[in-house]
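Hello,

Here is the structure I said I would pass on. My notes on it follow below the display.

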Amino acid sequence: MTTRSVLTLPNPGTKAAPAKFKGGFSEVKDFLKHYEKLCDYHNVTSDEEKCESITQYMSCHVTEFIEGLLSFRSNNWSKLKADILRYYDADLDTKRYRHKDLLSYVRTTRGKKIPTLTAWKKYVRGFIHIAGWLEQAKKFTSEEYASYFWEGIYKKLHIKIETRLMAKDPDRDLSEAFPVDRVVAIAEKLLHHDRFDADLLVSEVETESETDSSTEENSDANTDSESSESETEFFHKKKKAPEPKDKKEVKKAQKKVKGHIKEAKTKTSSKDTKSPSITSPEPMDEMEGLIKRLNAISLNDPDYALYYYRTT
């Protein structure tokens, strides 16, 4: 029978050896526990042997740091262990979660549907992962634990569970949170895999979600139709309002008027040659006055349309 000693310690990388320690704060405690159990199993009791043997299970970078410690050089195992825990932030592992982490989880899950037992168990696992650690670390009381658990449940399942709870105990004091174990038991009954109406429950949830979405779509459509109607009325009113003529059309009309004037002048001149005693008619003077008036006033002037009509 082989006598166990420091020489029988498992080689690094083998099955019985601890995983190589690379300096992670979440690994340091487990690493030291594993190493101390190996030392006990192999009858490694002296501080000198413990200090010298531990570095073979560490990375090169960590080994260089350990060899620089006074506790290592003086072969003081208890002091070396304390130094390793301190310098590699073992305390961070005891501060894994905070209240805000649980609040964030609860806010997220309370808005998510839980239509099946699988989804329910996923919620419970996620809650225990955070809240269970906080409770163990005495960050809050068991009453707060139950309150947070209740708040994280989806609202429609929330109502069904509460109905069952109050039916069993109608005189219950609602100043205290519902016990977590009773809430879990009722939820598992409601969402049981082999329920005869399991498909109906799922379809009911889907119908409710479709109804909600259709209601939102209808409201959006009504809003869009109202806005389009208001826009139509607005533009209809804008069309009714007097708008100035395009400059090109005005110039075209002015050219047309000038052409009429030239024709009138040529006709008048031809009449003058035949009967010189007849003077130029007064309507031509009036036409020229209208043209001068058109050129003098603005396009937005309310009298512009009247003068333009009279010239044409």
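The chain has 14 helices and zero strands; helices (H or I, at least four residues) and strands (E, at least two) are DSSP runs, numbered from the N terminus. This is a predicted model, in which local features need pLDDT of at least 70 and side-chain atom pairs count only at pLDDT 80 or more, while totals for chains, interfaces and linings use all residues. Residues are numbered from 1 along each chain as its sequence is written, and side-chain values use heavy atoms, with hydrogens and water left out.

Of the 312 residues in the chain, 28% are buried (buried is under 20% relative accessible area, exposed over 50%, partly exposed in between; 1.4 Å probe, protein chains only).

On cysteines: a search of the whole structure finds zero disulfides, a disulfide being a pair of cysteine sulfur atoms within 2.5 Å. The closest cysteine sulfur to that of Cys-39 is in Cys-51, 9.7 Å away, which is too far for a bond. Cys-39 is buried, at 1% relative accessible area, and Cys-51 is buried too, at 0%.

On charge: Lys-112, Lys-121, Lys-122 and Arg-125 form a patch of positive charge on the surface. Patches take residues with over 30% relative accessible area and no salt bridge, joining like charges within 9 Å and nonpolar side chains (Val, Leu, Ile, Met, Phe, Trp, Tyr) within 5 Å. A salt bridge is a side-chain nitrogen of Lys or Arg within 4 Å of a carboxyl oxygen of Asp or Glu. Lys-121 lies in helix α7 (residues 117-136) and is partly exposed, with a relative accessible area of 37%.

Regards

Technical notes:
Areas by Shrake-Rupley, 256 points an atom, 1.4 Å probe, with all protein chains shown as cover. Lys, Arg positive; Asp, Glu negative; His and termini not counted. Charge placed at Lys NZ, Arg CZ, Asp CG, Glu CD.
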